[in-house]
Amino acid sequence: MASGNTPTVALRSAKGVEVWKTEQQKQQLTFLPDPRFTPDQSKSCRAIVYSPDGRFLAWANGSTVQLCQVTAAGWKPIASLPRPKACHLRFSPLGNFLMTWEVYTENPHETPKEKPNLFIYRAATGEEVYSIIQKRHQDWQMHWSCDESIAALLVGGEALFYDHGPTGSGFGQVVKRFGGLRNGGLSVAPGPSPPHIGVYMPGTKGAPSMCRLFKYPNLELNQPVASKSFFQADKVDMMWNRKGTGLILMTSTDVDTTGVSYYGKQALHYMTPKGDSCGIQLKAEGPIHDVAWSPKSTEFCVVYGFMPARATLFNLKCDAVYDFEPDNRNSVFFNDFGNLVVFGGFGNLPGYIETWDLVRRKKLANFKAPDTTLLEWNPAGDTFLTATTAPRLRMSNGFKVWHYSGALLGEYSWAGELLEVIWQKYPAGTFKQPAISDEKVAGIVSATPVASKQKYIPPGARNSVTVSASGETVDLRPPIPGLPPGYRSSVQIKNSKKSKKAAAAAAKASTATPAAGGESTSPPEPKKQPAKKNAAKNLPTDNGDQANGNATQAKQSDTTTTTTSSNSNSNSSSLQKVSPTGDPAKDKKIKTIQKKLKDIKVLKEKHERGETLVQTQIIKMNSEAELIKELEALKVA
């Protein structure tokens, strides 16, 4: 970090606008109100913004738009602009102009009924220099070249161009017009002047949509330097790199006709001012979560696919140069130097954060910042800020500052609704690129309470659920009125089957106890032969034998065989009825315990049907495990 430059943070909340400074105390960053800034106590602040070079700060407080100049001595008020309905603010690239926009309305009782809602002021003096009716809610702002020599505005279906060069007339005259952009888009490339102009023309009557690049001031339809056509595009986002040498087009449809995605279908295309164009091929199906250019303008990163989402780094030829390991993420943030990148899983994900060193392609940290709705890198490039803000989340608002190694440097819990937190901006070259190391920086422990991992019990069941000695959960609540007697939910039926299987397995294990030496003491049970088969084998096969009296002998032998088999069965049954222990007193105890277990089984079935049990029956149910242990001890003895 450059000496003497400590970025402050500007906060917009339900209490007003404040500017806080940071102070390092041992391992912790503390946040204190900056005494050089006079807080705005208005409770309806709608927007706050720094100029790109950090020279100016502006905010809309619901009655006026306040414009201040940032100096070493503090924040110097410049003007109070009469724009009570302003809800969007933006500065030009060099910070010379401030744009304000408010929702367009008409008043039939006033003349004229239509009044401008887009205003442009000179930032140094607060002088109004331009106003126009702008009904677009998206892409409402004026587009500028990097040196602010060219300004372009899309109004209705026509793009208006203004010349702010040394010989230009400024906002006094429209020098160029480009039509046919109804429901289309406009983008001015950064980089040296004259800039390239990107326009998106939606397709009509089955014709494909088209995006074209022109070199200003040659804006005729037959003079594009590059062109790309595509179907299935209801909306197109145009993203230039900082040098203006590459343009990414993210097309999207409102409805996916294939039914794969609820959020429509998306695709990525790439164009260059040299005339090259191609589609960006992704390695997995699913939505495109985020796309971001590296500040170095030599590569870009795409987060895409179903969870766990993939992230791929592409070069200017749209070749994949590195695939990050899949993880739960849906956003990507580069620091101002392009040597560090943060992947975040926010929104419907619980705040996963990864930091990567792009030079070495190495993961530095992996942690969680729950309930994060905003993330922004410090201009110094080694720390970043996460915040929980309204209206996305109205509880537990606040912000935290993290080191790229994953250490928490400071946090502040906001009382009330925090709407926005932004770092102070600085001109390019103020800070040096930070050196990245694997050393873990010591931080603080977050005071944010951690979510409990215990199983949730409804309030009505907290005093009615007990755990038996066997570990089984017993619900003592009476049946729900209105349900038929014996009603059981699918969960109760499932749990009942599981408990029955466990009890059967335990009983089987307790009865199948081998004797010492690994051999069973009872003789093997003889195999029973079916009587019909034995009789069939003894029946004569020749009719002559029956005539000679052999049939009587066969009948007698059959009777003998039947008697023998019955005797063997009676012997085997008598063997089975032999006392398991040989001690009549123990046998009596075993019989008593088995009877109690049978009664407990009946009580369980009654409980599952929803019948009310008395306290003695519940105590008897809870003694099941002790009875089973006692039974096993008796059998082993």
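## A close look

Mentor: Happy to! Serine 42 is buried because its relative accessible area is 18%, and buried means under 20% (exposed is over 50%, partly exposed is in between, with a 1.4 Å probe and protein chains only). Before going on, note that this is a predicted model, in which local features need pLDDT of at least 70, side-chain atom pairs count only at pLDDT 80 or more, and totals for chains, interfaces and linings use all residues. Residues are numbered from 1 along each chain as its sequence is written, and side-chain values use heavy atoms, leaving out hydrogens and water.

Serine 42 belongs to the loop between strand S3 (28-33) and strand S4 (47-50); here helices (H or I, at least four residues) and strands (E, at least two) are DSSP runs numbered from the N terminus. A polar atom of its side chain lies 2.5 Å from the backbone oxygen of asparagine 61. For reference, a polar contact is a pair of N or O atoms within 3.5 Å; within protein, one must be able to donate a hydrogen and the other to accept it, and residues adjacent in sequence count only if both atoms are side-chain atoms. If we set aside neighbours within four places in sequence, serine 42 is in contact (heavy atoms within 4.5 Å) with Ala14, Lys15, Gly16 and Asn61.

The charged end of lysine 15 sits over the ring of tryptophan 414, at 5.1 Å from the ring centre; the rule asks for NZ of Lys or CZ of Arg within 6 Å of the ring centre and within 35 degrees of the ring normal. That brings us to the aromatic pairs, where rings of Phe, Tyr and Trp (its six-membered ring) pair if their centres lie within 6.5 Å, with planes under 30 degrees apart counted as stacked, over 60 as edge-to-face and the rest as tilted. The count by this rule comes to 30 aromatic pairs. One of them joins tryptophan 20 and tryptophan 414 in a tilted arrangement, 5.6 Å centre to centre with 40° between the planes. Tryptophan 20 lies in strand S2 (residues 16-25) and tryptophan 414 in the loop between strand S35 (408-413) and strand S36 (418-423), so this pair ties together parts that are 394 residues apart in sequence. Both tryptophan 20 and tryptophan 414 are buried. Another pair, tyrosine 322 with phenylalanine 324, is edge-to-face, at 5.0 Å centre to centre and 85° between the planes. Tyrosine 322 counts as partly exposed because its relative accessibility is 23%, whereas phenylalanine 324 is buried at 3%. Going back to the tryptophans, ring pairs link Trp20, Phe31, Phe399, Tyr412 and Trp414 into a cluster.

Serine 187, in strand S16, is buried with a relative accessible area of 9%. Its side chain makes a polar contact with the side chain of tryptophan 240 at 2.9 Å. Not counting residues up to four places away in sequence, serine 187 touches His143, His196, Ile197, Gly198, Met238 and Trp240.

Now for the backbone. Most residues other than glycine have a negative phi, and most peptide bonds are trans. Serine 297, however, has a positive phi of about 65°; this serine lies in the loop between strand S24 (288-293) and strand S25 (299-304) and is buried at 3% relative accessible area. Cysteine 318 also has a positive phi, near 65°; its place is the loop between strand S26 (309-315) and strand S27 (320-327). The peptide bond from serine 193 to proline 194 is cis, with omega near -5°, and proline 194 lies in the loop between strand S16 (185-188) and strand S17 (196-201). The bond from alanine 390 to proline 391 is cis as well, with omega near 5°.

Stepping back, the chain has seven helices and 38 strands, and 41% of its 637 residues count as buried. Of the contacts with a separation of 6 or more, 44% are between residues 24 or more positions apart.
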